[in-house]
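Here is a short report on one protein model. Keep the structure open beside the text and find each residue as it comes up.

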Amino acid sequence: MREAHEANQDTGVALADPVGMEVFCNRLLSITEDMNNTLVRASFSTNIKERKDCSVALFDAAGRLVAQGTQIPLHLGSLDGAMGAILRAFPLDQIRDGDVFICNDPYLADGSHLPDINIVTPVFWEGTLRFFAANIAHHSDVGGAVPGSIAGGLKSIFEEGIRIPACRIARAGEVDEDLLRLICANTRDPEERVLDLRVQMATNRRGAAAVQGLIRQMGLAAVLRSVDDVITYTRRRLLNRIGELAQGSYTFRSDLDDDGMGGDPVPIQVTLTVSRDRLHFDFEGSGKQARGAMNLPFNALRACVYYAVKALLDPDLAPNAGLFDPISVSAPVGTITNPEHPAAVGARSITAQKVAGAIFGAFRGLLPAEKTMASSNDCCPAIVFSGRWRERAGHFVYLETLG
């Protein structure tokens with residue numbers, strides 16, 4: 001409540017009543033929480049059901065993130081990137097009620113890595129597109145050279161599994177069974193893949209129905225106005241936190257042991273520039289593009305930045321488009337933090353941890369001692385187990401990460 005009042009006092013922006021805004025924000029979060037619980041409970045793979053390697057989100061018709069229910073902070077960039085890729089490929093006047101979109105590729109659809117498959121569903125009200133329900137889930141295997149589709153030594157994204165650009169997987173409520181079968185046939189456990197993809201689509205239908213219920217209860221105008229208020233509030237609240245920081249530039253460097261293929265350590269360097277109303281993160285000085293799969297796609301880099309800013313400056317800040325506006329990110333193309341196609345990216349979470357650690361380090365001189373986070377424990381080893389199913393055809397693939 002103090003923050004909402006502060007946003008009104010400091011900026012003069014005409015926001016909704018703080019209590020009403022808090023209630024509305026929690027209504028949105030209750031929808032995403034229900035979506036996430038549905039996805040976890042109804043899924044078939046251990047990676048989604050038990051590891052909860054998934055996230056859900058709501059976007060407005062312009063593609064702005066309205067609310068995210070997240071288990072995995074790295075998914076923040078993937079969902080936002082997927083939404084943008086879909087809107088670039090499909091103009092709003094070509095999207096119909098009952099359509100469903102799918103994508104996963106970091107180069108073709110601004111994804112994170114191939115096992116993370118995005119499903120996005122438009123939400124219509126009285127014949128007009130108003131919102132999108134979206135979710136992302138890490139599938140245990142999407143084909144490629146190795147079980148699990150992730151290995152530090154892979155040299156190209158073409159070794160990492162099936163690449164899915166932004167495309168329709170359902171039209172007017174009818175699933176494209178041919179496309180679904182094609183995608184799943186390129187994995188080591190087609191049966192599990194098809195079941196989990198259907199659960200992802202069902203999760204969005206549940207989220208869409210909840211959004212329509214909210215509009216029915218509040219009225220469309222009130223919902224749209226409240227969405228604008230929540231995004232504005234988040235932006236202003238973050239601007240207030242930025243305004244408390246000393247302006248200037250702050251640099252920190254961390255190192256990966258190697259680039260996935262052995263050799264020398266790889267620097268991960270960030271320079272944080274604080275201005276009156278902006279944080280800019282420049283990754284100039286980071287190592288060249290990795291030979292192996294340690295490369296971090298740019299949208300995943302953005303997610304690391306958003307996560308670190310939220311964690312350090314205001315952990316209770318709502319993850320929506322207002323969080324993105326005061327933050328900018330740059331990284332030279334052809335480096336490990338912004339690779340060129342067709343660099344492998346499957347093990348990008350290891351580099352993501354180092355990026356977050358470097359950002360924590362850059363904030364050392366800016367934050368009071370009680371808010372300072374050490375650049376440490378920034379590793380995420382992954383282990384994949386695979387073998388033949390005893391009771392049915394195909395191979396099981398089980399992934400585990402030690403965070």
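Start with Pro115. Leaving out residues up to four places away in sequence, Pro115 touches Ala137, His138, His139, Val142, Gly148, Ser149 and Ile150. Touching, or contact, means heavy atoms within 4.5 Å.

This is a predicted model: local features need pLDDT of at least 70, side-chain atom pairs count only at pLDDT 80 or more, and totals for chains, interfaces and linings use all residues. Residues are numbered from 1 along each chain as its sequence is written, and side-chain values use heavy atoms, with hydrogens and water left out.

## Pro115 and its setting

Where does Pro115 sit? Pro115 is in the loop between strand S3 (100-103) and strand S4 (116-125). Helices (H or I, at least four residues) and strands (E, at least two) are DSSP runs, numbered from the N terminus. Pro115 is buried, with a relative accessible area of 1%. Buried means under 20% relative accessible area, exposed means over 50%, and partly exposed lies in between (1.4 Å probe, protein chains only). Ser149 is one of the residues that Pro115 touches. Pro115 and Ser149 are 34 residues apart along the chain, and their C-alpha atoms are separated by 7.1 Å.

## The whole protein

Now step back. The protein has 10 helices and 13 strands. Its radius of gyration is 21 Å, close to the 22 Å that the globule rule gives for 403 residues, so the protein is as compact as a globular protein of that length. The radius is taken over C-alpha atoms, and the rule is 2.2 Å times the number of residues to the power 0.38. Along the principal axes, the C-alpha trace spans about 65 × 55 × 35 Å.

Buried residues make up 55% of the 403 residues. Of the contacts with a separation of 6 or more, 67% are accounted for by residues 24 or more positions apart. The protein exposes about 16,400 Å², and carbon and sulfur atoms supply 51% of that area. Accessible areas come from the Shrake-Rupley method with a 1.4 Å probe; for residues, only the protein chains shown count as cover.

What about charge? The mean positions of the 40 positive and 48 negative charges are 2 Å apart. Lys and Arg count as positive and Asp and Glu as negative, while His and the chain ends are not counted. The place of a charge is NZ of Lys, CZ of Arg, CG of Asp or CD of Glu.

Look at Ile86 next. Ile86 is in helix H4 (residues 75-89). Its relative accessible area is 0%, so Ile86 is buried. Beyond residues up to four places away in sequence, Ile86 touches Phe101, Cys103, Val120 and Ala166.

Gly69 lies in strand S2 (residues 65-70). At 13% relative accessibility, Gly69 counts as buried. Neighbours within four places aside, Gly69 is in contact with Thr32, Asn36, Ser55 and Val56.

Asn299 belongs to helix H8 (residues 298-313). With a relative accessible area of 11%, Asn299 is buried. Its side chain makes a polar contact with the side chain of Arg302 (2.7 Å). A polar contact is a pair of N or O atoms within 3.5 Å; within protein, one must be able to donate a hydrogen and the other to accept it, and residues adjacent in sequence count only if both atoms are side-chain atoms. Among the residues that Asn299 touches are Gly77 and Asp110.

These C-alpha distances can be set side by side.

| Pair | Apart along the chain | C-alpha separation |
|---|---|---|
| Pro115 and Ser149 | 34 residues | 7.1 Å |
| Asn37 and Lys52 | 15 residues | 9.4 Å |
| Gly69 and Gln269 | 200 residues | 30 Å |

## Backbone points to check

Most residues other than glycine have a negative phi, and most peptide bonds are trans. Which residues have a positive phi here? Lys52 has a positive phi of about 55 degrees, although Lys52 is not a glycine. Lys52 is in the loop between helix H3 (46-49) and strand S1 (54-60), and is partly exposed at 38% relative accessibility. Asp110 also has a positive phi, near 55 degrees. Asp110 lies in the loop between S3 and S4, and is partly exposed at 23%.

Finally, the peptide bond from His341 to Pro342 is cis, with omega near 5 degrees. Pro342 lies in the loop between strand S11 (327-330) and helix H10 (348-362).
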